Amino acid sequence: RYSGENLVYSETMQDWRAHQGTDFAAETGDPVIAAADGTVKEIRQDSSLGIVVVIAHGDTEISYCGMEEDLSVEEGDAVTAGQTIGSVGTVPFEMNEDPHLHVEVKRDGEWLDPAAVLTE
């Protein structure tokens, strides 16, 4: 779960840290879909988060973390809600946990609880 500024114990990293995302249970290879209409702002390889796809939805950015390399989108692509953008892979800093998609949300540069935003 999203912890905001509160520290939670990481089984993989064996330390206490903030968890700025929400982990959604999924199997490796499951499709990942865009939560809303938007534009692919960035795709990057991150040593902690794995392959990250950042989609801008107006003033809100959703980062889909731990994706497989078989992405269905490129930077600059327009996406629609429900469109498949790739598939679930591995989140390196959470690899001792069950398979999942790690999702982070920022609005105007501020971290938000993804579970709350995705139900808006």
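1. Glutamate 61 has a relative accessible area of 24%, which makes it partly exposed. The model is a predicted one, and the points below should be read as computed from it.

2. Three salt bridges are present in the structure. Side chains of opposite charge can pair when their charged atoms come close.

3. One of the salt bridges joins glutamate 61 to lysine 41, with 2.3 Å between the closest N and O atoms. Glutamate 61 belongs to strand S7 (residues 60-67) and lysine 41 to strand S5 (residues 38-46), so this pair ties together parts that are 20 residues apart in sequence. Lysine 41 is partly exposed, its relative accessible area being 47%. Glutamate 61, at 24%, is likewise partly exposed.

4. A further salt bridge is made by the side chains of glutamate 42 and arginine 44, at 3.4 Å from N to O. Glutamate 42 has a relative accessible area of 29% and is partly exposed. Arginine 44 also counts as partly exposed, with 28% relative accessibility.

5. Aspartate 59 pairs with arginine 107 in a salt bridge whose closest N and O atoms are 3.9 Å apart. Aspartate 59 sits in the loop between strand S6 (50-57) and S7, while arginine 107 is in strand S10 (residues 100-107), so the pair ties together parts that are 48 residues apart in sequence. The cut-off for a salt bridge is 4 Å, so a distance of 3.9 Å falls within it. Aspartate 59 is partly exposed, with a relative accessible area of 44%, and arginine 107 is partly exposed at 25%.

6. Which strand holds threonine 84? Threonine 84 is found in strand S9, which covers residues 84-87. Threonine 84 has a relative accessible area of 38% and is therefore partly exposed.

7. Which residues does threonine 84 contact once its neighbours within four places in sequence are left aside? They are Pro31, Val32, Ile33 and Ser72. For isoleucine 33, the C-alpha atom is separated from that of threonine 84 by 4.3 Å, although the two residues are 51 residues apart along the chain.

Technical notes. Residues numbered from 1 in each chain as written. Predicted model: local features only at pLDDT ≥ 70, side-chain atom pairs only at ≥ 80, totals over all residues. Heavy atoms only, no water. Helix = DSSP H or I, 4+ residues; strand = E, 2+ residues; numbered from the N terminus. Buried < 20%, exposed > 50% of the residue type's maximum accessible area, 1.4 Å probe, protein only. Contact = heavy atoms within 4.5 Å.
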